[in-house]
Amino acid sequence: MGLNLNPRLRPPPGVRRRPPGDFRRPPPGDFRRPHPGDRRRRPAPGGGGNKGIITPYGVHEGVFKHTSIKGDALVTKNMVPGESVYNEKRISVQNEDGTKVEYRVWNPFRSKLGAAILAGIDIIGIKPGARVLYLGAASGTSVSHVSDIVGPTGVVYAVEFSPRSGRDLVNMAKKRTNVIPIIEDARHPARYRMLVSVVDVIFTDVAQPDQARILGLNAKYFLKVGGCCLMSIKANCIDSTLPAEKVYELEVERMTAEQVKPKQRVTLEPFERDHACVVGGYRMPIKIQK
Ligand SMILES: C[S@@+](CC[C@H](N)C(=O)[O-])C[C@H]1O[C@@H](n2cnc3c(N)ncnc32)[C@H](O)[C@@H]1O
């Protein structure tokens, strides 16, 4: 049987669908099949009802699952109701008291962080109120969801060196007051040290052969002791001559050399081929054996 992916999570036009692959670890909730029981939750004729239900997504605070007759979708609560960032679908859900809350569908084919969550990563450190340094922000697709998650009490420092992507990022940040766009090279954190305070999490998605070193440099400047490091690995950007699995192992070793203690690794199939995401803790206290 083919992979019956939720139509809202299909790759964007022009992007080739990955062959159906197995999740290494199935995510909590099945994002591939509609839930027959949810038919009962259809809005009443004439509207007014909730179109589906929202539930927290696993252990990830600020990340939700929208379940409807069309299937499940990963969503975040929109910081800027009425606005999409990359043409993603918005879902308005009515609370029991009549107030409405808007969510944005998080497309895992467009976001490595979204894919990592669906692939079963247990810790991301990104939660309401968190301070996040995001390296390789591009136009801000994933950054916008991180902004939704951390909410008004958190902050996302988004570093991107391409002026073209940087323009979109800056425009996105005009409406999202918790995003600080930084158009700089992440290899030179000294250049933006005056803009960034101590952070709880660094997420890096720069797709560069020296990305572990870039992560380590930024961690030295900005990451708190015990902070969370997330690194997206695109195997052929690191070394196209080695099998992906070997590249992941080498990157984990390089992270360890940067004082990051790896805790979990997930591959991003079926959303991205030959990609992985590793999470680790920075300068973790050494446990003294008695
Ligand atoms: C794979 S894309 C990131 C996609 C993005 N994380 C998302 O999910 O929406 C990698 C990005 O990193 C940026 N990049 C690469 N090297 C960089 C560096 N040294 N400093 C800042 N940005 C860098 C590239 O310009 C590119 O936009």
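Biologist: How many residues does helix α3 have, and how far does it reach from its first C-alpha to its last?
Modeller: Helix α3 (residues 163-175) has 13 residues and reaches 19 Å, close to the 18 Å expected at 1.5 Å a residue. The expected span is 1.5 Å times one less than the number of residues. Helices here are DSSP runs of H or I with at least four residues, strands are runs of E with at least two, and both are numbered from the N terminus.

Biologist: Before we go on, what kind of model is this?
Modeller: This is a predicted model, where local features need pLDDT of at least 70, side-chain atom pairs count only at pLDDT 80 or more, and totals for chains, interfaces and linings use all residues. Residues are numbered from 1 along each chain as its sequence is written.

Biologist: Back to α3. Which of its residues are buried?
Modeller: Gly 166, Leu 169, Met 172 and Ala 173. They sit on the same side of α3, because they cover an arc of only 120 degrees around the axis. That arc is taken from the directions from the helix axis to the C-beta atoms. Buried means 20 or more other C-beta atoms within 10 Å of the residue's own, exposed means 12 or fewer, and partly exposed is in between, with C-beta atoms placed from the backbone.

Biologist: And what's on the face turned away from the buried side?
Modeller: The exposed residues Pro 163, Arg 164 and Lys 174. As background, an α-helix has 3.6 residues a turn, so residues three or four places apart point the same way.

Biologist: What do the buried residues of α3 pack against?
Modeller: They pack against α2, β7 and β8 (179-183). Contact means C-beta atoms, placed from the backbone, within 7 Å.

Biologist: Switching to the ligand: which residues come nearest?
Modeller: Of the 18 residues around the ligand, Gly 136, Ala 138, Ser 142, Phe 161 and Ala 186 come nearest. To count as near, a residue's C-beta atom, placed from the backbone, must lie within 6 Å. The elements giving two or more residues to that shell are α2 (141-150) and β7 (155-160).

Biologist: Where is Ala 186, and is it buried or exposed?
Modeller: Ala 186 is in the loop between β8 and β9 (199-204). Ala 186 is buried, with 25 other C-beta atoms within 10 Å.

Biologist: What does Ala 186 touch?
Modeller: Leaving out residues up to four places away in sequence, Ala 186 touches Leu 135, Val 159, Phe 161, Val 206, Ile 214 and Asn 218. Ile 214 and Asn 218 are among the buried residues of α4.

Notes:
Two residues are in contact if their C-beta atoms, placed from the backbone, lie within 7 Å.
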